[in-house]
Amino acid sequence: MSDQEIGSTTETQPDTVEIAAFGSSKRPQRTRKATEFYTPAPKKQRKKVGRQKDTKVVKNDKPGDKRKAVDVPVERSKKRKVAEPTGSKRKFDPESDEDEARKKMVEDADLIKVRPVPGKKHVQQGRCFLSRYCRFEKCTACLAKKSDKCRFNGIRVFGQRKELVYGPEFMSVEGPDPKSTYESGVSEDEVKNVRVLDLIAPTFMKFLQKELPHLEMAKIRKFPDRNICQLCDSCQTTIFSGYWMCCVCGKEYCLSCYEEWNGSDDSFKETGRCSHRRKHYKEQLVPIYHYAKEEIIRLFDQCNQMILDDEDSSNLDGEELPDDDGAESSEATRPIESSRAVVRRRKPRTSRAKAAAAIDVVDSTMSVLNKDNGISTSPQDCHDRTPQLHDEHKKIEYAASEMTEETFRDLWKRGYPFVIRGAGKLEKEIWKPNYFIEHYGKIDCTVIDVKENVEYKMDVETFFKGFEDINSRFVNKSGICPCLKLKDWPPADDFAEMFPEHYKDFYNSLSFKEYTSRSGILNLAHRLPLEFNRPDLGPKMYNAYGSEDNMGGKGTTNLHLDMTDAVNMMAYAPNVESRLEEERDKPAAAVWDLYHPADLPRVRRFLRKIAKELGLSINHPIHDQCFYLDKELRSRLASEEGVTGWRVFQNPGDVVFVPAGCAHQVCNYTSCVKAAVDFVSPEGVARSYVVNQQFRKLRHGHKRKTDILQLPNILYHAWITSWDESND
Ligand SMILES: [Zn+2]
Ligand SMILES: [Zn+2]
Ligand SMILES: [Zn+2]
Ligand SMILES: [Zn+2]
């Protein structure tokens with residue numbers, strides 16, 4: 001089975017264990033057992049492969065699909081004339097022996113495994129549709145014809161003979177990682193860096209723990225693509241370092257999906273198909289990694305050191321919030337002995353920064369223990385890590401003068417939302433409806449009818465004219481003036497360009513800029529290197545007319561929660577005299593209902609019950625964002641589950657802080673202009689992780705499933721920009 005032509009290379013022998021070789025070694029390493037890398041498919045499945053072969057059944061093969069299935073697209077044949085040797089020039093002829101063999105190859109090749117190609121090698125340079133690769137298997141990105149990068153470029157290896165010989169084989173890159181450029185000043189403050197390390201270590205550890213066993217198997221290294229966010233093709237979660245790639249179609253699966261895939265037909269149902277809708281088998285997945293083993297071990301040991309140090313100072317970090325099924329919270333974040341003796345590496349913190357940080361940690365601990373801003377705290381609140389317990393009477397409303405960074409950190413670490421009254425000192429004129437009409441009136445925008453959930457296209461002028469004047473409002477076909485919401489405005493990541501004055505004004509008035517501003521050193525999102533495609537964290541504007549929160553009221557924004565922390569500032573609402581008649585006796589311009597992460601299991605249980613009562617089919621009661629809890633539902637939630645949450649009123653100048661993982665809904669009592677921005681605090685990453693894991697489990701195609709934050713990448717770069725190499 002050495003110098004095969006294409007037709008025979010991919011033929012499978014279902015009952016022999018294939019011997020696989022990895023890497024760019026010149027001599028195929030036939031001594032390594034395949035079982036070292038792969039779990040062979042259960043007998044039953046492999047028999048299926050054999051059966052198909054015998055009976056030549058081409059399931060899934062629609063008429064007209066055959067041409068595609070044999071990898072010889074007719075319309076490409078002209079192009080191939082230029083570079084291809086004879087044999088692949090002519091058009092595909094289903095009757096010819098050679099094409100018959102090729103067709104058979106695809107039909108039979110439900111299972112194609114990595115196999116080394118002997119002799120001289122050729123590494124794929126460019127996309128799979130280049131004429132020289134055209135007759136081989138193509139990657140999912142090239143087949144989808146998206147701008148997505150070719151999965152095989154620079155990594156798939158062919159035998160270099162008169163013609164290229166298909167393996168498929170893959171090669172490993174060598175050398176140091178490509179350099180990262182960070183924003184200047186992100187890592188200048190040593191004390192804050194140690195704080196960052198302390199706070200993110202337990203979460204970062206969760207990612208690192210998954211990587212170590214993978215590195216025992218993975219022999220192929222590939223540098224990460226910086227300008228795309230690499231997502232698992234099954235669960236849409238960010239791939240950090242290790243992953244599995246199908247050697248046939250290049251689909252990439254994260255470590256968790258691989259682990260959860262039990263190989264049965266039902267797994268990988270929706271995204272699991274290989275090209276030409278063939279089946280996927282675990283054996284055809286190749287383990288790949290981005291970061292070298294030494295690097296992961298080094299990070300692992302550093303993380304361990306941090307966690308052990310934290311236990312010494314007995315702080316309260318790592319407070320967990322329960323996952324949907326409660327399983328996640330019990331997941332170990334305890335330090336684990338690595339292959340190297342961790343204890344040996346445990347050194348007392350000697351540097352000035354470490355000493356200061358230790359005091360810092362003790363301080364914040366003390367503030368949690370002793371001081372609760374005038375509200376008495378139950379003893380459990382301090383020591384008990386049981387997630388069900390949090391203080392519903394916690395003070396969460398502050399005057400601008402009362403709020404300190406210490407209070408902020410204490411609240412934030414424990415997942416409490418809060419409001420600062422009158423903190424947003426904004427330039428009044430530029431946030432008024434007339435200003436938007438004057439400067440942006442002719443721009444088109446998409447607005448949503450809050451009640452009916454219908455979208456309309458209109459210009460900005462039409463929307464803002466109706467802001468305070470009901471007679472100027474847009475009337476729909478049924479003759480109704482719907483309550484409209486102009487959400488996420490501007491839709492693209494260009495707030496600074498579209499609203500330069502607003503952008504400046506908003507950032508000038510933000511509190512806790514180290515956390516909330518784009519370049520804040522405690523805003524971990526900005527630790528991502530400049531080469532990266534960074535997540536769009538805003539700011540955005542949220543403009544909407546008044547709505548109702550009483551029985552039957554639909555509010556303005558349904559109950560949901562986010563992976564990031566957020567700060568929301570009300571910039572404008574009409575004076576009481578200028579409000580609509582029915583809006584004048586409301587207690588504020590808007591009202592928020594906020595639920596602590598620890599209450600969410602009960603909120604979810606309650607909403608599932610409500611969905612059942614209403615006959616609604618839902619995937620996730622909060623992530624579907626399909627409920628606004630009106631007065632009746634709020635009181636039922638309180639009486640049936642004991643969850644009251646917090647009601648927070650918001651007027652112009654009031655700033656609401658919502659931690660990652662804290663569920664919230666909003667009702668504007670009158671028309672409001674608000675601006676908000678997301679950020680990633682070290683205090684919030686543990687909760688971001690839990691939300692990330694929940695999103696991962698949503699059904700395919702769910703609007704919240706796609707991981708837009710890249711949490712592991714953020715943690716990795718936050719770590720390496722914070723770690724003082726002199727400690728190693
Ligand atoms: Zn490709
Ligand atoms: Zn996955
Ligand atoms: Zn595949
Ligand atoms: Zn939100």
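The legends below describe close-up views of a predicted model. Local features are given only at pLDDT of at least 70 and side-chain atom pairs only at pLDDT 80 or more, whereas totals for chains, interfaces and linings use all residues; side-chain values use heavy atoms, with hydrogens and water left out. Residues are numbered from 1 along each chain as its sequence is written, and chains are lettered from A and ligands numbered from 1 in the order in which they are written.

**View 1. The zinc ion (ligand 1) is coordinated by Cys128, Cys139, Cys142 and Cys150.** Each of these residues contributes its SG atom, at 2.2 to 2.3 Å. Donors are N, O and S atoms within 2.8 Å of the metal (3.2 Å for Na, K and Ca); water is not among the atoms, so sites may look incomplete. The angles among the four donor atoms are 102 to 117°, and the site is tetrahedral. Four donors are called tetrahedral if all angles lie between 85 and 135 degrees; four count as square planar and six as octahedral if opposite donors are over 155 degrees apart and all others between 65 and 115, and anything else is irregular. Along the chain, the donors follow the spacing C-x10-C-x2-C-x7-C. Cys139 lies in the loop between strand 1 (121-123) and helix 6 (140-143), and Cys150 in the loop between helix 6 and strand 2 (156-160), so the pair ties together parts that are eleven residues apart in sequence. Helices (H or I, at least four residues) and strands (E, at least two) are DSSP runs, numbered from the N terminus. Cys139 and Cys150 are both buried. Buried means under 20% relative accessible area, exposed over 50%, and partly exposed in between (1.4 Å probe, protein chains only).

**View 2. The zinc ion (ligand 3) is coordinated by Cys246, Cys249, Cys274 and His280.** The donor atoms are SG of the cysteines and NE2 of the histidine, at 2.1 to 2.2 Å. These four atoms subtend angles of 103 to 114°, which makes the arrangement tetrahedral. The spacing of the donor residues in sequence is C-x2-C-x24-C-x5-H. Distant parts of the chain are linked by Cys246, in strand 5 (residues 243-246), and His280, in the loop between helix 8 (255-260) and strand 7 (285-289), 34 residues apart. Both Cys246 and His280 are buried.

**View 3. The zinc ion (ligand 4) has His560, Asp562 and His664 as its protein donors.** NE2 of each histidine and OD of the aspartate lie 2.1 to 2.3 Å from the ion. The donor residues are spaced H-x1-D-x101-H in sequence. His560 and Asp562 are buried.

**View 4. Trp244 and Tyr258 form a stacked pair.** Rings of Phe, Tyr and Trp (its six-membered ring) pair if their centres lie within 6.5 Å; planes under 30 degrees apart count as stacked, over 60 as edge-to-face and the rest as tilted. The count by this rule is 44 aromatic pairs. The ring centres of Trp244 and Tyr258 are 3.7 Å apart and the planes are at 5°, so the pair is stacked. Trp244 belongs to strand 5 and Tyr258 to helix 8, 14 residues apart. Trp244 has 1% relative accessibility and counts as buried; Tyr258, at 10%, also counts as buried. The charged end of Lys282 sits over the ring of Tyr258, 4.4 Å from its centre. This description applies if NZ of Lys or CZ of Arg is within 6 Å of the ring centre and within 35 degrees of the ring normal.

**View 5. Trp412 and Phe679 stack across 267 residues of sequence.** Their ring centres are 5.9 Å apart, with the planes at 10°. Trp412 lies in helix 13 (residues 405-413) and Phe679 in strand 20 (residues 672-679). Both residues, Trp412 and Phe679, are buried.

**View 6. Cis peptide bonds join Gly167 to Pro168 and Gly538 to Pro539.** Omega is about -5° between Gly167 and Pro168, and Pro168 lies in strand 3 (residues 164-170). Between Gly538 and Pro539, omega is about 5°. Pro539 is placed in the loop between helix 18 (513-516) and strand 13 (540-544).

**View 7. Gln236 has a positive phi although it is not a glycine.** The value is about 65°. Gln236 lies in the loop between strand 4 (220-221) and strand 5, and is partly exposed, with a relative accessible area of 24%.
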